[in-house]
Amino acid sequence: MPNIRLSSVFLASALALSPAASGAETLRFASQGDIGSMDPYVVEEVFTSGFLGNIYEGLVRRAPDLSIQPALAESWELLSPTHWRFHLRKDVTFHDGTPFNADDVIYSADRVRAGASDFKNRLPSDAKVVAVDDYTVDFITTEPNPILHYTWANWYIMNRDWAEANGVGDADKAASEESYATLHENGTGPFQLVSRAPGVKTTLSRYDGWWGEGSVPTNVTEVEYTPVPNAATRVAALLSGQLDVVFPVPVQDIARVEAAPSGKIEAGPEVRTMYLTMNQWRDTLPGSGLEGKNPLKDRRVREAMYRAIDLETIHARILRGRATPAALMVAPGVNGYSDSFKRYEYDPDRSKELLAEAGYPDGFTFTFQCSNNMYVNDEAICLAVSNMLAKVGIDAKANVQAKAQYLEAILSPNMDFGLAMLGTTPASLDSHIALYSLHMCPRADENSAVWAPDDLAKIVAGKSNFAGYCNPEIDRLANEILIETDEDKRNALINEAWTITTDDVAYIPLHQSWGAWGVREGVGVEVRADNIFDWRYVTVAE
Amino acid sequence: MNPERSPNLIMRLLDSDAGYKFRSSPVTVVAGLVFVLMIGAALLAPVIAPFDPFDKGSIDLMNSLLPPAWNSGGDPAFLLGTDNQGRDLFSTILYGTRTSVFVGAVSVSLAVVAGLFLGLLAGYFGGLVDAIIMRIVDIQMTFPAIMVALLIDGVTRSFLSRDQHDELAVFVIILAMALSIWPQVARTVRASAMVEKSREYVMAAQVIGRGPWLIMARHILPNVMGPVLVIATINLGVAILGEATLSFLGLGIPAGEPSLGTLIRIGNDFIFSGERWMLIYPGLTLALLVLSVNLLGDWLRDVLDPKSR
């Protein structure tokens with residue numbers, strides 16, 4: 001069996017190693033796809049923001065056990081329920097040597113909320129950010145939010161002088177408008193970019209002026225990242241010693257890696273919940289040919305889809321038992337999770353009845369967007385779901401693409417899917433952000449249309465709700481949860497919200513997979529439940 | 001046996017010069033048998049195959065990853081085992097071979113038609129026509145076939161909607177393969193046409209006032225067909241491999257539809273985990289098909305090329 005989590009014994013022994021004494025230690029690792037951008041505000045995707053977390057830092061960061069640690073802020077206090085004070089670390093410099101101070105936090109707070117930033121929900125748009133002095137920053141919000149900083153571990157601080165000197169403007173998703181920050185970086189983290197060839201190789205080296213030197217176990221001085229889309233190639237490279245760390249190892253290869261003398265598996269349950277998102281807002285369901293009709297707007301049809309998917313078989317056959325079936329859109333370990341929620345049972349007969357009731361006894365057709373290099377066994381799961389839906393008469397035409405094309409198709413502004421498979425990791429490890437980003441109505445104000453083309457840049461609440469699920473009751477509850485400071489009341493509200501969304505069949509939650517990292521013998525890593533690879537905890541023995 | 005007395009067509013064919021070369025080479029006989037068998041099985045796939053891989057509703061995930069029937073744990077219903085979706089590998093291979101053969105045959109036919117026409121024009125007229133056509137050929141021959149195919153695939157993706165592209169995927173591959181093969185045909189035809197046009201029979205035809213088109217079609221064409229036939233056969237193998245390569249890269253036939261390349265790509269993911277049948281049988285099928293086509297091409301060349309006699 002794999003080591004579930006790393007023991008503290010390892011940590012202690014690793015700490016005893018002196019990083020300076022042990023020459024150049026290179027960490028060579030590979031994953032499925034490349035990072036989306038070097039600009040930390042462009043795309044909120046676990047792998048990209050996790051990768052950048054080794055280069056950039058936020059005011060806070062998450063420890064391997066996901067608890068919140070101080071990073072660029074040494075400490076913080078709540079002066080009143082709406083007034084936060086952060087005391088910044090004083091000995092920090094950016095990679096170009098510029099000292100870090102409060103002005104950079106203010107710049108980052110502005111930029112993260114501007115343009116097409118994907119991290120707008122890190123800070124309310126009406127929150128004021130004030131520099132009290134060079135190393136003290138106040139955040140003044142209009143509504144109390146007891147977990148304001150929970151999502152800040154991947155809100156990275158950028159340097160104002162560097163950005164302005166290089167003409168870095170607002171974050172922009174469109175690849176045609178690449179800014180200086182897309183290919184360069186100036187962070188405060190332990191590693192700095194040496195060279196980057198997108199899609200081919202990214203090389204980084206240790207930043208000698210890092211403030212946290214000696215506080216973490218790593219002895220890595222060089223990092224080489226290569227995207228290797230083919231899983232078999234990745235595993236072969238690990239087994240032959242060409243790579244130190246590969247992620248993910250496909251479930252069918254875990255036994256092989258464990259049996260090899262040169263490799264081992266580090267694994268653990270993830271907090272990422274895999275789910276199917278159903279397009280409920282387009283007037284014409286993409287790929288259906290039903291002009292002006294969208295069957296997925298009907299709750300009965302959504303339940304029929306849910307019940308047509310035999311998750312147990314997917315779990316046993318494709319994931320080989322290495323996953324936890326999910327009934328909720330958040331994983332165990334996330335605040336607000338409750339095991340009292342149960343999945344709608346697999347029942348193809350009931351599914352056919354529901355379809356007949358809804359007026360689609362012969363089913364219907366739509367486009368099912370799938371990725372083939374983003375998640376564990378994503379292509380196989382997609383095709384299996386497509387085959388299962390066919391058994392109740394629903395023709396989900398699977399369109400399997402690589403990550404870049406896949407995300408372009410399903411994210412705003414295209415949102416060209418009937419059904420798509422995605423994963424969600426709540427950055428705050430609290431249910432609120434899952435409700436806020438995935439379940440709140442994606443519209444600029446109450447009177448405008450869902451995903452109105454002109455309002456795309458204004459949508460913050462529901463920014464990942466590409467399904468267009470919209471229930472005013474959820475909007476109200478999410479806003480209440482945000483400002484509720486009493487924990488019991490807050491959790492009761494969260495429970496109420498989850499009850500409504502599962503009754504509405506807003507999404508089809510699938511499972512949390514167990515991430516499996518293939519690690520070369522002699523290399524120490526800390527596997528985190530959020531799948532972020534923090535090089536601060538990597539040790540390489542020669 | 002006396003050649004003049006042979007009773008029927010097949011016997012006469014076997015007794016001909018080509019037939020002698022065929023009979024006297026066991027390798028060619030085996031290749032011919034394998035080729036006929038595979039083409040037959042591919043064409044009759046809907047009759048032979050126990051399952052229809054296009055019918056998504058018939059695929060049951062519970063049947064996934066079964067080994068071939070003769071292994072322990074195998075199910076007699078699935079002769080060569082199943083893939084990771086529970087599709088019967090034997091049926092999927094049959095349908096996949098059908099796709100491959102269809103793509104190969106149609107793309108080579110297109111390439112031959114285009115290559116013959118343009119090659120004849122270039123060879124017969126010479127001068128500016130020749131220069132223009134042959135420079136296009138030169139430019140195109142600098143691109144490897146797969147690159148041309150990737151280019152066509154990318155271009156068509158940009159102006160076709162996704163659904164259209166999926167429906168037309170097979171034709172996109174055919175177009176791509178035809179485009180990468182026709183320059184070879186054109187070049188060969190041009191060379192032969194240049195030789196033929198200075199022969200007396202062509203001059204005689206010109207003297208009696210026949211137009212250039214008629215001369216090309218009636219007099220030169222039959223005399224350049226030999227080498228074209230050889231190139232076409234060899235390129236049939238190239239086109240089949242091209243389709244498999246594109247599908248292997250995930251650019252050809254849409255995922256979920258049967259294709260040898262897609263099967264090999266999926267099988268490749270299971271190469272470490274012991275379910276090797278998913279890679280071996282589609283791979284073996286592809287190798288046998290292409291090998292038999294190439295061996296037949298060699299035989300044709302021996303027969304048709306006077307220099308090797």
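User: In this predicted model, is the crossing of α7(B) and α10(B) left-handed or right-handed?

Analyst: The crossing of α7(B) and α10(B) is right-handed.

User: How is such a pair of helices described, and at what angle do the axes of α7 and α10 of chain B cross?

Analyst: Two packed helices are described by the angle between their axes and by the distance between those axes. Here the axes of helix α7 (residues 145-159) and helix α10 (residues 212-248), both of chain B, come within 11 Å and cross at roughly 55°. That angle makes α7(B) oblique to α10(B), because only angles of 65 to 115 degrees would count as roughly perpendicular and those under 35 as roughly parallel.

User: Which residues make the contact between α7(B) and α10(B)?

Analyst: From α7(B) come Ala145(B), Ile146(B), Ala149(B) and Asp153(B), while α10(B) contributes Val238(B), Gly242(B), Thr245(B) and Leu246(B). By class, this contact has five nonpolar, two polar and one charged residues.

User: How many residues of chain B are in contact with chain A?

Analyst: On the chain B side there are 20 residues, and they are in contact with 25 residues of chain A. Both α8 (162-197) and α11 (260-269) of chain B supply at least two residues each to that side, with the largest share, three residues, coming from α8(B). The side of chain B that touches chain A divides into seven nonpolar, eight polar and five charged residues.

User: Within chain A, how many residues of domain 1 are in contact with domain 2?

Analyst: In chain A, 22 residues of domain 1 are in contact with 22 residues of domain 2, and the domain 1 side of this contact comprises 10 nonpolar, seven polar and five charged residues. The C-alpha centres of these two domains of chain A lie 25 Å apart.

How values were computed
Residues numbered from 1 in each chain as written. Chains lettered and ligands numbered in written order. Predicted model: local features only at pLDDT ≥ 70, side-chain atom pairs only at ≥ 80, totals over all residues. Contact = placed C-beta atoms within 7 Å. Helix = DSSP H or I, 4+ residues; strand = E, 2+ residues; numbered from the N terminus. Nonpolar A, V, L, I, M, F, W, Y, C, P; charged D, E, K, R; others polar. Domains from an automatic or database assignment. Axes fitted to C-alpha atoms, helices over the stretch in contact; angles between N-to-C directions. Parallel < 35°, antiparallel > 145°, perpendicular 65-115°, else oblique. Left-handed = near helix turned anticlockwise from the far one by under 90°.
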